Amino acid sequence: MEDQNQVFEQALGLEGPWYVDRIRFDSESRLLLIHLDFEAGGTFTCGACGAVGCKAYDTTLKRWRHLDFLGYRAFLQGPSPRVDCSSCGIRQALLPWARERQRLTLPFEEMVVSLAREMPVRAVARLLGEHDTRLTRVLDRYGQ
């Protein structure tokens, strides 16, 4: 199990304090759920000003849609910490895989943009199993 977690950490480009805690693979529902966590005492970057070395203030458990894996819908799930920033106060930490308040990972958003250049948004939505309104919001953020 530990080797498997390390492979996914490398594939996701995770660096400390983040790590893959466990992986749930459900062949019946065709779902891959990658549980993330962070090391106790780890520090983060403030999502508002970019200050580094901020301690976690609290966390909320969230789930983000990621790129499919061998035909399985893949999700990252884990804590989304808020930090106590000396400049800004309590703010959302910068997450290396997703934008603030978004439920899609950055690689997933990039794939949406690439596909939408080649086909209508509704076709992309059907292909990815996502609602076209959600994908349109992604495209609006990228100026597409």
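How many salt bridges does the structure hold? The structure holds 10 salt bridges, a salt bridge being a side-chain nitrogen of Lys or Arg within 4 Å of a carboxyl oxygen of Asp or Glu. The model is predicted, so that local features need pLDDT of at least 70 and side-chain atom pairs count only at pLDDT 80 or more, whereas totals for chains, interfaces and linings use all residues. Residues are numbered from 1 along each chain as its sequence is written, and side-chain values use heavy atoms, with hydrogens and water left out.

**Figure 1. Salt bridge between Glu109 and Arg99.** The closest N and O atoms of Glu109 and Arg99 are 2.9 Å apart. Glu109 belongs to helix α2 (residues 106–116) and Arg99 to the loop between β6 (89–92) and α2, so the pair ties together parts that are 10 residues apart in sequence. Helices (H or I, at least four residues) and strands (E, at least two) are DSSP runs, numbered from the N terminus. Glu109 is buried, at a relative accessible area of 0%, while Arg99 is partly exposed at 32%. Here buried means under 20% relative accessible area, exposed over 50%, and partly exposed in between (1.4 Å probe, protein chains only).

**Figure 2. Further salt bridges and a network.** Arg22 and Asp21 meet through their side chains in a salt bridge of 2.7 Å, N to O. Both partners are partly exposed, Arg22 at 44% relative accessibility and Asp21 at 32%. In the salt bridge of Glu100 with Arg101, the closest N and O atoms are 3.2 Å apart. Glu100 is partly exposed, with a relative accessible area of 43%, and Arg101 is exposed at 69%.

**Figure 3. Strand β5 and its pairing partners.** Strand β5 (residues 72–85) is mostly covered, 11 of its 14 residues being buried. Two strands pair if DSSP finds at least two bridges between them. Strand β2 (residues 31–38) pairs with β5 in the parallel sense over five bridges, and Leu32 stands opposite Ala74 in β5. With strand β4 (residues 54–69), β5 pairs in the antiparallel sense over 12 bridges; Thr60 has Ser80 in β5 as its bridge partner. The hairpin of β4 and β5 has two residues between the strands, and Leu70 takes a positive phi near 50° in this hairpin. Strands β5 and β6 run antiparallel and are joined by four bridges. Val83 stands opposite Arg91 in β6, and a hairpin of three residues joins β5 to β6.

**Figure 4. The buried side of helix α2.** Phe108, Glu109, Val112, Val113 and Leu115 of α2 are buried. They cover an arc of only 170° around the axis, which puts them on the same side of α2; the arc is that of the directions from the helix axis to the C-beta atoms. An α-helix has 3.6 residues a turn, so residues three or four places apart point the same way. The cover over the buried residues of α2 includes β4, α3 (121–128) and α4 (132–141).

**Figure 5. The nonpolar cores.** A nonpolar core is a set of buried Ala, Val, Leu, Ile, Met, Phe, Trp, Tyr and Cys residues joined through side-chain atoms within 4.5 Å. The largest nonpolar core has 21 residues, of which Trp18, Val20, Ile34, Leu36 and Trp97 touch the most other members. Strands β1 (18–26), β2, β4 and β5 are the elements that give two or more residues to this core. Apart from this core lies another, of 11 residues, among them Phe108, Leu135, Val138 and Leu139. Leaving aside neighbours within four places in sequence, Val20 is in contact (heavy atoms within 4.5 Å) with Asn5, Phe8, Glu9, Leu12, Leu14, Ile34, His35 and Leu36.

**Figure 6. The aromatic pair of Trp18 and Phe38.** A search of the whole structure finds seven aromatic pairs. Rings of Phe, Tyr and Trp (its six-membered ring) pair if their centres lie within 6.5 Å; planes under 30 degrees apart count as stacked, over 60 as edge-to-face and the rest as tilted. Trp18 and Phe38 form an edge-to-face pair, at 5.5 Å centre to centre and 80° between the planes. Trp18 lies in strand β1 and Phe38 in strand β2, so the pair ties together parts that are 20 residues apart in sequence. Trp18 is buried, with a relative accessible area of 7%, and Phe38 counts as buried at 15%. Trp18, Phe38, Phe44, Trp64 and Trp97 form one aromatic cluster.
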